[in-house]
Amino acid sequence: MNHALSLIHEENISINALKVVNRLTEHGYQAYLVGGCIRDLILGKVPKDFDVATDAHPEDIRDLFRNSRIVGKRFKIVHVRFGREIVEVTTFRAPHDEQYEDNHSESGMTLVDNIYGTFEEDVFRRDFAMNAVYYQPEAHEITDLAGGVEDIQLKRIRTIGDPEARFREDPVRMLRAIRFEAKLEFHISDELHNTIRSLGHLIQDVSAARLFEEVLKLFMSGHGAAALDSMVNHELYGWMFPDSKRSMEEHPAEELVRLALTSTDSRIAEGKPVTPAFIYAAMLWFPFVDERDQLQKEGRISHVAASHEAANNILSKQQLFTSIPRRFSGTIRDIWFLQFRLPNRATKKPDTLMEHKRFRAAYDFLLIREAAGEETGNLGDWWTEYQEAAPERRPEMKQSTGKRRKRKRKRKPRSPNAMIDTPTPT
Ligand code: ATP
Ligand code: MG
């Protein structure tokens, strides 16, 4: 143990987290702040949330805090709520193979009992040394049995124990390493990189629901573009998004995904709303378009039917890897199908389209498709102008598209690169 007042920026500790720790210690329990919050406090950042580790059992914790509830089936954690802030309180755990199994098991098997541990066991069950630094705020005392403080100072990501064993035990740790590399700009050593490369396939053993949660953390926390780079560099991307990965070989697909993520990152920075549907739409756009083309080539099937079937096929294949909750898959479809309606610039169509609740997302999507290099005949500019134009100028713009829809009704075979084709009634 060491006193390390200068290391921890105490002014950034949440009052509520302090209350939780103090209350537990008043009742004779050990209690520490640990994990990401300590990392951030040492880095001089304001932690986004606080985790508490204690020797109190979940039911005891529950009894101490009126505003608390037990969550998690396999491994119980207590959430203590203060308005919008939640302090997560976890009982010391012993190492156990199944402890990081997600709570999404639907099999109805007998759930493994909680296996509590000692303080030391709790230290060594953690993933990386930098996440195993404990802080006792009343004593102002840091306990660092795994050498995490040094790692934080050197921005080093190091597993506790043998990397291969720890990644086999829980493959999600590889994604966590990537998230910390992207978010904190910490360093993954060549050795760790090689281990991740050779074990990437284990990601397939993780449940789709848990992987979706990780996708949100990777791509929706303001560092999505960096997370993509990191996933590609360490060769994990393809294990989570195989169709998307494949499409990167023949389309500007990687660029499209990167643009979707950059746009999401800046929206987060500006406090604007974001949705994972936009990112999924980008990751699966080319697989969707290819599938749609293929279906049309194979049979006499309308554009509309082909679009619907292709969307179903591609989304359900992706769901084998990462689940996509229904509220998002609907939006993904909307964004895709609107791409085929945006070229439709005659008569009343533009105004009707602008009223669609996904118009804005679809328009943004069109812009990133163009920026990624897809040829759309400057459709994005047209829509930008149309939206900016005074309402009385709009009718003349519709005519100025120069295209006569009626003549275009006959379907021509599509060249593989022409993503926008004849307007499709949907
Ligand atoms: P963030 O800043 O993103 O919250 P974090 O490190 O706090 O990062 P959490 O998911 O909040 O991440 O987890 C809290 C702590 O629990 C971690 O710091 C780590 O000590 C431990 N932990 C979480 N997931 C795992 C895991 N899969 N294996 C081992 N330890 C884990
Ligand atoms: Mg945390």
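This is a predicted model: local features need pLDDT of at least 70, side-chain atom pairs count only at pLDDT 80 or more; totals for chains, interfaces and linings use all residues.
Let's start with ligand 1 and what sits around it. The shell holds 18 residues, and the ones that come nearest are Arg39, Arg126, Asp170, Arg173 and Arg179. Sort the shell by class and you get 13 charged residues, along with 3 polar and 2 nonpolar ones.

Now for some individual atom pairs. Asp170 puts a side-chain N or O atom 2.8 Å from a nitrogen atom of ligand 1. Asp127 takes part through its backbone instead, with an N or O atom 3.2 Å from a ligand nitrogen. On the oxygen side, look at Arg176: an N or O atom in its side chain lies 3.1 Å from an oxygen atom of ligand 1. As for overall cover, ligand 1 has 580 Å² of accessible area on its own, and the protein covers 88% of that.

Which elements give two or more residues to this shell? They are helix H2, spanning 36-43, and helix H7, spanning 172-184. H7 supplies the largest share, with 5 residues.

Is Asp122 buried or exposed? Its relative accessible area is 1%, so Asp122 counts as buried, the cut-off being under 20%. To see what is packed around Asp122, skip the neighbours within four places in sequence: the contacts that remain are Ala53, Thr91, Phe92, Arg93 and Tyr134.

Notes:
Residues are numbered from 1 along each chain as its sequence is written. Chains are lettered from A and ligands numbered from 1 in the order in which they are written. Side-chain values use heavy atoms; hydrogens and water are left out. A residue is near a molecule or strand if one of its heavy atoms lies within 4 Å of it. A polar contact is a pair of N or O atoms within 3.5 Å; within protein, one must be able to donate a hydrogen and the other to accept it, and residues adjacent in sequence count only if both atoms are side-chain atoms. Accessible areas come from the Shrake-Rupley method with a 1.4 Å probe; for residues, only the protein chains shown count as cover. Helices (H or I, at least four residues) and strands (E, at least two) are DSSP runs, numbered from the N terminus. Ala, Val, Leu, Ile, Met, Phe, Trp, Tyr, Cys and Pro count as nonpolar, Asp, Glu, Lys and Arg as charged, and the others, Gly among them, as polar. Buried means under 20% relative accessible area, exposed over 50%, partly exposed in between (1.4 Å probe, protein chains only). Contact means heavy atoms within 4.5 Å.
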